[in-house]
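Please look at the model below.

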Amino acid sequence: MSSGSRGTWVLMFLVIISSMFIYNSVSKLDPYSVKKKRMSEKVRKMFYHAYDNYIMHAFPHDELKPLTKTYTDSLSELGNLKLEHLPQEYNGSALSLIESLSSLVILGNHTEFARAVLWLSENLTFDVDARINLFECNIRVLGGLVSAHILATDSTNRLKKGTYENQLLDLAEDLGQRFLPAFDTPTGLPYAWINLKYGVMENEITETSTSGCGSLILEMGALSRLTSDPRFENAALRALRKLWSMRSSLNLLGTTLDVETGEWIEHSSGIGAGVDSFYEYLIKGHILFGREEFWRMFQLAYLAVQKHFRHGPWYHEADMRTGRATFWQLTSLQAFWPGLQVLVGDIAAANSSHREFVHVWNKFGVLPERYLLDHQMLHPTEKYYPLRPELAESTFYLYQATKDPWYLEVGESIVDSLNLYTRVEGGYASIRDVTNMELEDHQHSFFLSETCKYLYLLFNDSFLANQNYIFTTEGHPLPVLSSWHEKLPEAYILSNFTSIKSEEQPKRSSAMSLQICPDAKNESVESACHIADTSADHRCFADEDCGVDSTTCRRRSCSMAGYCGLWLLI
Ligand code: DMJ
C-alpha cells in the first residue's frame with residue numbers, strides 16, 4: 001500500500017470512529033431538547049404576559065379582566081354562587097398574585113417571588129367582611145400560601161437570608177383559623193360559605209359539594225404539620241371520614257349534600273364538577289401523609305369509578321345508589337383524570353382517555369365545558385372554555401411517565417390554541433362560546449397557577465429534578481417529606497385497577513415512569529418509602545431487581561422489555 005492510500009485509510013478510520021463517538025453522545029442527549037427549550041420559552045412569555053397585565057391593571061384585586069384591562073374581586077364570587085352584595089370594605093386579596101407564587105419559583109424568578117412575598121407580608125389581611133367559598137379559598141389562597149412558605153424556607157435559599165420570617169405561614173394560619181367555624185356542624189361537614197370576619201352567617205345555605213368536603217386535607221393537613229396545631233388537619237379529616245361514611249353500597253358518592261343533616265341532595269355523580277378533587281385528594285393525601293386509610297378509601301373509590309362510570313375511554317355520570325347511567329357527558333374538568341391515573345400507574349387507561357380529550361380539543365380548538373356524548377353535540381349553554389388547565393395537566397403527567405414525544409406535540413397544540421384564540425393585548429381571556437370563539441372578560445387565577453405551570457413543566461421539568469413533590473388540585477407543589485408520614489407505608493402490590501384479570505399470566509404493558517423513581521445514586525431525595533431499583537439505569541431481569549416508587553409507595557416491577565416501572569397488569 002502506498003503511503004498516500006494508507007493515509008486515506010487512516011483518515012476514513014478516524015472519520016468513522018469520531019462519527020460513532022458523535023452519534024453516541026448525541027443519541028444520549030434528549031432528541032427533543034431544542035423543541036423543549038423553544039416551547040418552554042414560549043410558555044414563560046405567556047405566563048409573563050398574563051402576570052404583568054394582572055399586576056399592571058388589576059393588582060391588588062383578585063383577577064384581571066383582560067379585555068377592559070380592569071379587575072374583578074372574584075374570591076367572594078367563586079363557586080358559581082353569587083354574593084347578594086359585595087361589602088364595601090372588601091377590596092380583593094391579591095388572589096392572582098398568591099396563585100402566581102409557586103409559578104414564579106418554578107420559572108426561577110426569585111426576585112419577583114421575593115417582591116411578592118414582601119408585599120403580601122406587609123399588606124394582606126383576612127380580617128375583611130367577605131363571604132368566601134371555603135373550597136375555593138382553601139385550594140387557591142391557603143394552598144398558595146402554604147406552598148410558597150415551604151418554597152421560601154427549603155434548603156435552596158431562594159430568599160435572601162433574614163428577609164423572610166414566616167409571614168406567609170402566619171397569614172395561612174390566620175386564614176385556617178377563620179375556616180374553622182365552618183366545620184362546626186352536627187356532621188362535621190363544613191359549610192360551603194363563610195364570612196372571613198364574622199364566621200358562618202345567619203341562614204347560610206347548608207348545601208355543599210363532595211369536593212367542598214373532601215378536598216381540604218392537603219392544605220389543612222400541611223398547615224397543621226407546619227404550625228403544630230392539629231385543629232386544621234383534624235377538621236379536614238373528620239369531614240372526609242364523614243363523607244366517606246356516606247358512600248353507597250357501590251362505593252359511590254353523590255355530588256351535593258346537606259352539611260346539617262348529612263343527607264345527599266344530588267345522587268348523580270361522575271369524575272367532574274363537584275367531585276373531581278375528592279378522588280385526587282385521597283391518593284395525594286396518601287402520598288403526602290402516608291396514611292393507609294386514604295389508600296384504602298382511594299382503592300375502593302377508584303375501582304367503583306372504573307366499574308360504574310367508565311365506558312371505554314369515556315366517563316359518564318351515574319346514580320350512586322343504583323350505578324345506573326344518568327348523564328352521558330364529557331366535561332372539561334374530567335380531563336384531570338388521566339393525570340391522576342398516572343400517579344397510580346394505570347397508564348394504559350390514562351392514555352386512552354387522554355386521546356379522546358385531545359380529539360375533542362382538536363375538534364373545537366379548545367375544550368368545551370360540556371359535550372353531550374349521547375347526542376355528539378355541545379351542551380346548549382355550557383359552550384365556554386375558561387382557560388382551564390386539566391388537559392395540559394394530564395399531558396404533563398403522561399409525558400413524565402412515558403417520555404412519548406406525542407405528548408409534547410399535544411402540549412404545543414394547546415399552547416398554539418391558547419395564543420391564537422385567547423391572547424389579547426391585556427392578557428388571556430376566557431372563551432364564552434367555542435363555536436365562534438367569542439371572548440369573555442376574565443383571566444382566571446388558575447391560568448397562572450396551573451395552565452401555564454403544567455405547560456411549562458411539560459417542556460422544562462428542571463424544577464422537579466431530584467425532588468419529590470405532589471401538586472395540589474390548584475397546582476401548588478408540596479414536598480413529600482418522610483417527617484410528615486405517620487408511618488412507613490407498606491410497599492403496595494401491583495393491582496389491576498382497570499379491568500378484571502382473566503388470563504393466568506397477566507401481560508405487562510404501558511409505560512415506565514423513570515421520573516417518579518429517582519436516580520439510585522441520589523440519596524438526598526426525600527421519600528418515606530423509596531427503595532431504589534438495583535440498577536441506576538432501571539434495567540432489570542426480574543421483579544426483585546426493582547424497588548419501591550418514591551411517590552406512590554407502590555412496588556415497581558420488571559417489564560417484558562426489561563425496565564423497572566409502575567406497570568399496569570392487563
Ligand atoms: C381549579 O381551580 C382547580 O383545578 C380545581 O380543582 C378545578 N377547577 C379549576 C380549574 O379548572
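Which residue forms a salt bridge with R178? The partner is D174, with the closest N and O atoms 3.1 Å apart. A salt bridge here is a side-chain nitrogen of Lys or Arg within 4 Å of a carboxyl oxygen of Asp or Glu.

This is a predicted model: local features need pLDDT of at least 70, side-chain atom pairs count only at pLDDT 80 or more, and totals for chains, interfaces and linings use all residues. Residues are numbered from 1 along each chain as its sequence is written, and side-chain values use heavy atoms, leaving out hydrogens and water.

**Salt bridges**

The structure holds 23 salt bridges.

| Pair | Closest N and O atoms |
|---|---|
| D154 and R158 | 2.9 Å |
| R178 and D174 | 3.1 Å |
| R291 and E293 | 3.3 Å |

R178 and D174 both lie in helix α6 (residues 167-179), four residues apart. Buried means under 20% relative accessible area, exposed over 50%, and partly exposed in between (1.4 Å probe, protein chains only). R291 and E293 are both buried. K35, R38, E409 and E412 are linked in a salt-bridge network.

**E393**

E393 is buried but has no salt bridge. K284, the nearest side chain of opposite charge, is 4.6 Å away. (Lys and Arg count as positive, Asp and Glu as negative; His and the chain ends are not counted.)

**Ligand site**

Residues surrounding the ligand (a heavy atom within 4 Å) include R140, R388, E390 and T473. A polar side-chain atom of R388 lies 2.7 Å from a ligand oxygen. For the side chain of T473, an N or O atom is 2.6 Å from a ligand oxygen.

Methods:
A polar contact is a pair of N or O atoms within 3.5 Å; within protein, one must be able to donate a hydrogen and the other to accept it, and residues adjacent in sequence count only if both atoms are side-chain atoms. Helices (H or I, at least four residues) and strands (E, at least two) are DSSP runs, numbered from the N terminus.
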